Amino acid sequence: MTLPTTDTVVTYPDGATTSTGTVLHVEPLADERSAVLLDTTACHPVDTAWPDQPADRGTLTTDQGPQLILDAVTGGIHDGVLHLGAALPVRTGADGWTFVVAHVIDGPPPAVGDHVQVDVDRGYRAALSAAHTACHLAALALDAALSAAWSKAAPTDALGNPAFDALAIQRSRIHPLRSTDTYRIGRSLRRKGFTTSALDDPAAVAERVNAQLARWVAVGGPVRIERADDALSARRTWVCELPTGLTDIPCGGTHVRDVAELSDVTTSLTTREVDGGLELSMETRTTAT
Ligand SMILES: [Zn+2]
């Protein structure tokens, strides 16, 4: 069986929730499941190395009818071997690899060459998109709220504040209408000039974050994903026009089209002592209009 030699074309970065495509490969999995590779898809797969936004839900429809997409994972092809999901040993975009969206289905799979339609669950996608935009805004607001905590010049974010989020982030998880970000404040961050005592009162920091978020949501601002091309592994950037500047956060996920679509964004912050430092958790919630 031949495997694709070019990346899957992905349309979800522009907000697409349906697509038609051709089956390029079907990989048999355990328990009568299969991973279906298409030339084009609107289905967002979870990324293996940075699994912040979960896979879309939806259906794959052939002449035989619709089948549930049980999961959508990132696959990488190298030396004629397809590595799926957790078995993918490289980051999306690694040189010499082809990256594909693998739609996992149950039961008789379509045949190579079949035309199929992908329909993504729009409500679930919309709730993830709202949470993902809110998550990025909260990260920028957190950078701003902690800007006075640095004793020396640090790399800055797009709005000119020391890039606490980029320097300290360990893990980010998007859920429908909420996200959880985990930061680590250890030796390397302290050496860069971060003063840990700035987080002695996390509720006070959260208050400043929430005040900034409320201002941004009230004003609104267009959001888009910029990308060099439509291949799965193309570098994509989250661009949001805020009153204080234009953002440029690398991002593989999906978003609302305008900050004003978020009727409310609030975060809560908690800290705990961990080996060698402090861990900060930021829980962000939003309601979408
Ligand atoms: Zn993102």
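Modeller: Please do, and bear in mind that the model is predicted. The accessible surface of the chain comes to about 13100 Å², and 50% of that area belongs to carbon and sulfur atoms. Four helices and 18 strands make up its secondary structure elements.

Colleague: How do you know that the radius of gyration of the chain agrees with that of a compact globule?

Modeller: For 289 residues, a compact globule would have a radius of gyration near 19 Å. The chain has 20 Å, so the value agrees with the rule. Along the principal axes, the C-alpha atoms fill a box of roughly 60 × 40 × 35 Å, and buried residues account for 49% of the 289.

Colleague: What makes the pair of tryptophan 97 and phenylalanine 99 stacked?

Modeller: The structure holds four aromatic pairs, and this is one of them. A pair of aromatic rings is described by the distance of the centres and the angle of the planes. Rings pair if their centres lie within 6.5 Å, and planes under 30 degrees apart count as stacked. The centres of tryptophan 97 and phenylalanine 99 are 6.4 Å apart and their planes stand at 20°, so the pair is stacked.

Colleague: Why is tryptophan 97 called buried?

Modeller: Buried means under 20% relative accessible area. Tryptophan 97 has 15%, and is therefore buried. Phenylalanine 99, at 1%, counts as buried by this cut-off too.

Colleague: Why is the pair of phenylalanine 164 and tyrosine 183 called tilted?

Modeller: Planes under 30 degrees apart count as stacked, those over 60 as edge-to-face, and the rest as tilted. The planes of phenylalanine 164 and tyrosine 183 are 45° apart, with 5.2 Å from centre to centre, so the pair falls in the tilted class. Phenylalanine 164 lies in helix α2 and tyrosine 183 in strand β12, 19 residues apart, and the pair links these distant parts of the chain.

Colleague: Why does glycine 113 count as partly exposed?

Modeller: Partly exposed lies between the 20% limit for buried and the 50% limit for exposed. Glycine 113 has 38% relative accessibility, so this residue counts as partly exposed. Glycine 113 sits in the loop between β9 and β10, where it touches Thr22 and Val23, residues up to four places away in sequence not being counted. Its C-alpha atom is separated by 6.3 Å from that of leucine 24, 89 residues away along the chain.

Technical notes. Residues are numbered from 1 along each chain as its sequence is written. This is a predicted model: local features need pLDDT of at least 70, side-chain atom pairs count only at pLDDT 80 or more; totals for chains, interfaces and linings use all residues. Side-chain values use heavy atoms; hydrogens and water are left out. Helices (H or I, at least four residues) and strands (E, at least two) are DSSP runs, numbered from the N terminus. The radius of gyration is taken over C-alpha atoms; the globule rule is 2.2 Å times the number of residues to the power 0.38. Buried means under 20% relative accessible area, exposed over 50%, partly exposed in between (1.4 Å probe, protein chains only). Accessible areas come from the Shrake-Rupley method with a 1.4 Å probe; for residues, only the protein chains shown count as cover. Rings of Phe, Tyr and Trp (its six-membered ring) pair if their centres lie within 6.5 Å; planes under 30 degrees apart count as stacked, over 60 as edge-to-face and the rest as tilted. Contact means heavy atoms within 4.5 Å.
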